[in-house]
Amino acid sequence: MKPTLVLVGRPNVGKSTLFNRLTRTRDALVADMPGLTRDRHYGHGKLGDRPYLVVDTGGFEPLAKDGILHEMARQTEQAVAEADAIVFMVDGRAGITPQDKEIAKKLRRNPRPVVVAVNKAEGMERGVAAAEFHTLGLGEPLAISAAHGDGVRALLEQALAHFPEEEAAEAEDERAASLKVAIVGRPNVGKSTMINALLGEERMIAFDQPGTTRDAIGVDFERGGRRYMLIDTAGLRRKGRVFEAIEKFSVIKTLQSIEGANVVVLVLDARQDISDQDAHIAGFVIESGRALVIAVNKWDGLDAYRRSQIKSALEARLRFLDFADFHYVSALKGLGLNLVFRSVDAAYRAATADLSTPRLTRVLIDAAARQTPPRNGIFRPKLRYAHQGGRNPPVIVIHGNALDKLSDAYSRYLERAFRDAFRLKGTPLRIQYNTSD
Ligand code: GDP
Ligand code: GDP
């Protein structure tokens, strides 16, 4: 599993500047998908080829006008409790403040590794910038500049030092084992009802799996002759055989279950408008490269007019998810869940499909023949051949000339061509360009 880093510190020390720097490479992906907006607080980062999750506790939207500070503190504490490592940011120009000392006091009581990042240290002597922050009692402070990037790599190396690098080659026997499914969604959409419906019908093979460091729980079950493991879901608690919703919802846990799954079932409530939270969770699934199935729940008891209204609203808002199957279900009545699981299987097959170089190249050349890549200034992009650069999610590497001059629209056109030809339904698809001039 990817480690989760949480950025904490008083306002104005530079947390969001650092967050943006760490997650910046993902902006391109978001730009490629009209309608998908980035969550400004949760993102994916990479140190070399080591992925991690990063959380900025800085600008949490206060839930209520009263007790804003109280709510921010509560959310920060929850994030700190769920993190794997904490980056505590302070301002090297301002020096230690009473607020820094308060935060340090809390952090000294928490068991996770903490790295103190002394920000805004560009142009300062590193040792001097960091020196006074020793007194926070949280180990050797590191001088950085979030704005300029100085020291950021060393900071990450220290923060991630406690976590083993992931083995890249787990893919092979993965196909044979049970398929890991995460059922995610915001509170009240019907996740626990759905899980209970699934488990109630089927014989459970086993209960708890040996806990990992995060005490993740999986439940094995069988459906249609196939084995699945349900990943522990944020906001649910298990009471014996039955799952029930608890009030506290955790974005970090949701992210971690998405990361730990092979296929994500995103549950939406047909009776509520799509919220930013729904869209952000969907965005995380795409950023994580996980296969995805959408279950629009509470479809029972709606008349035909309401249903068509809801469908068109969903399609408009969630156009960036058109690669996934949508199912309209009722967890309460146990309707439509078979189709959801058929799509789960299909999505995973698509995510792990082997795409042959000759066929990829043929699809590419045909697509370019039907619609020539438009000239861009003096450049005329030329598509030559394609090969598969990875699985789960599939990566298609396209070779040719001036490929960096292809428009987003043309890129999406190519993606559709590959999706149609290989029936890549339910999986994100990454296209990379390898241009030779
Ligand atoms: P946050 O409230 O902790 O999220 O802080 P911000 O990221 O919004 O930064 C607060 C201010 O500090 C902004 O004006 C930033 O431009 C500035 N800032 C952030 N990082 C640096 C840095 O490395 N050097 C300098 N000089 N200013 C910085
Ligand atoms: P969770 O917070 O996502 O786990 O949501 P719950 O499973 O606790 O469901 C929230 C509420 O929605 C409960 O009152 C459920 O009875 C209700 N609910 C769940 N699924 C359905 C459904 O398919 N149809 C209808 N009408 N209500 C549902």
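I take helices as DSSP runs of H or I with at least four residues and strands as DSSP runs of E with at least two, both numbered from the N terminus. By that count, helix α8 (residues 191–201) gives the most to the shell around ligand 2, with three residues.

Conventions. The model is predicted, and I kept its thresholds: local features need pLDDT of at least 70 and side-chain atom pairs count only at pLDDT 80 or more, while totals for chains, interfaces and linings use all residues. Residues are numbered from 1 along each chain as its sequence is written, and chains are lettered from A and ligands numbered from 1 in the order in which they are written.

Entry 1, the chain overall. I counted 14 helices and 18 strands in the chain. Of its 437 residues, 40% are buried (20 or more other C-beta atoms within 10 Å of the residue's own; exposed means 12 or fewer, partly exposed in between, with C-beta atoms placed from the backbone). I then looked at contacts (C-beta atoms, placed from the backbone, within 7 Å). Among those with a separation of 6 or more, 71% join residues 24 or more positions apart.

I called a residue near a ligand if its C-beta atom, placed from the backbone, lies within 6 Å of it. Around ligand 2 I found 18 residues, of which G190, K191, S192, T193 and A245 come nearest. Around ligand 1 there are 16, with G14, K15, S16, T17 and A147 nearest. Helix α1 (residues 15–23) gives the most to the shell of ligand 1, with three residues. For classes, I counted Ala, Val, Leu, Ile, Met, Phe, Trp, Tyr, Cys and Pro as nonpolar, Asp, Glu, Lys and Arg as charged, and the others, Gly among them, as polar. The shell of ligand 1 then has four nonpolar, nine polar and three charged residues; that of ligand 2 has six nonpolar, nine polar and three charged.

I traced an open sheet in the order β2-β3-β1-β4-β5-β6, with mixed pairing (two strands pair if DSSP finds at least two bridges between them). Towards β4, I noted L5 opposite A85 and V6 opposite I86; in β3, D56 is the bridge partner of L7. In a regular strand the side chains alternate between the two faces of the sheet. In β1, T4, V6 and V8 lie on one side and L5 and L7 on the other, and all are buried.

I found α9 (residues 251–260) and α10 (residues 276–288) packed at an angle of about 35°, with axes 10 Å apart. Axes are lines fitted to C-alpha atoms, for helices over the stretch in contact, and angles run from 0 to 180 degrees between N-to-C directions. T254, L255, I258 and E259 in α9 meet I281, F284, V285 and S288 in α10. This contact has five nonpolar, two polar and one charged residues.

I traced a second open sheet, β16-β17-β18, with mixed pairing. Its edge strands are β16 (382–390) and β18 (430–435), and the twist averages 25° from one strand to the next. Strand β17 (residues 395–401) runs parallel to β18 and is joined to it by six bridges; I398 stands opposite Y433 in β18. Helix α13 (residues 357–370) lies across β16 and β17, at about 145° to β16.

How values were computed
Contact = placed C-beta atoms within 7 Å.
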